[in-house]
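Student: I would like to learn how to read helix packing and ring contacts in a model. Where do we start?

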Amino acid sequence: MAINRVPVLKRCRSLGLDPIYLGIDKKSNRQLKRANRKISEYGLQLREKQKAKFIYGVLEKPFHNYYLKADRMKGMTGENLMIILETRLDNVVYRLGMARTRKEARQIVDHKHILVNGKQVNIPSYLVKAGDTIEIKEKCKSSQRYKAILEVTAGRLVPEWLEADQENLKGTVKELPNREVIDVPVDEMLIVELYSK
């Protein structure tokens, strides 16, 4: 399996991204030493794509497949792409406050701790639908790990398209999100322009 091993704060600096979007509270004191070069149009488009891939933890091939899927759907391709990325199971687990970061959410799903509508799902890229119930397995709920996670994520805002029951480590997808409620600093139109060349 391909793994991105680039240090997170270094990558955030190079993309001009605040680590808080990844669920990380640390700040880097270093400044990026970059010559004052004008970035080309392609460079801007590429940076937006890299930002989206980095935030959601998706590699190039699956990301391109999501773009093709979004292109086939009705509506604006860029918005569809963001909605697809937002409804990935690992992202929903993170948004519900069951994990500190998306990487941790991915690991929780991989380790078979998640039930979707009562069935065990261990695929982080599983796309949830409106009405789905996501919860931590009963035998895992009492573990110290989830108590520690709940302490950290207690103050985190849950998006309005989700309903979280933090006491029981459970959540429901009320509806699919629209672009207005997705608080990710990515200009999806640049990604569409990049792929449509």
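Tutor: We start with a charge over a ring. This is a predicted model. The charged end of Arg102 sits over the ring of Tyr56, 5.0 Å from the ring centre.

Student: Which residue lies over the face of Phe54?

Tutor: Arg11 does, at 5.6 Å from the ring centre.

Student: Now ring against ring. How many aromatic pairs are there?

Tutor: Rings pair if their centres lie within 6.5 Å. The count here is two aromatic pairs. Ring pairs join Phe63, Tyr67 and Tyr195 in a cluster.

Student: On to helices. At what angle do H3 and H4 pack?

Tutor: About 125°, with axes 8 Å apart. H3 spans residues 60-72 and H4 spans residues 77-86. Angles of 65 to 115 degrees count as roughly perpendicular, and those over 145 as roughly antiparallel. H3 and H4 are therefore oblique to each other. Their crossing is right-handed. On H3, the contact residues include Phe63, Tyr66 and Tyr67. On H4, Leu81, Ile84 and Leu85 are among them. By class, this contact has seven nonpolar, two polar and two charged residues.

Student: How do H2 and H9 pack?

Tutor: H2 (residues 41-56) meets H9 (residues 188-195) at about 115°, with axes 8 Å apart. That angle makes H2 roughly perpendicular to H9. The crossing is left-handed.

Student: Which residues make the contact between H2 and H9?

Tutor: Leu44, Leu46 and Ala52 of H2 are among them, as are Leu190, Leu194 and Tyr195 of H9. The contact divides into eight nonpolar, one polar and four charged residues. Tyr195 also belongs to the ring cluster with Phe63 and Tyr67.

Conventions:
Residues numbered from 1 in each chain as written. Predicted model: local features only at pLDDT ≥ 70, side-chain atom pairs only at ≥ 80, totals over all residues. Heavy atoms only, no water. Axes fitted to C-alpha atoms, helices over the stretch in contact; angles between N-to-C directions. Helix = DSSP H or I, 4+ residues; strand = E, 2+ residues; numbered from the N terminus. Parallel < 35°, antiparallel > 145°, perpendicular 65-115°, else oblique. Left-handed = near helix turned anticlockwise from the far one by under 90°. Contact = heavy atoms within 4.5 Å. Nonpolar A, V, L, I, M, F, W, Y, C, P; charged D, E, K, R; others polar. Phe/Tyr/Trp six-rings, centres within 6.5 Å; stacked < 30°, edge-to-face > 60°. Lys NZ or Arg CZ within 6 Å of the ring centre and 35° of its normal.
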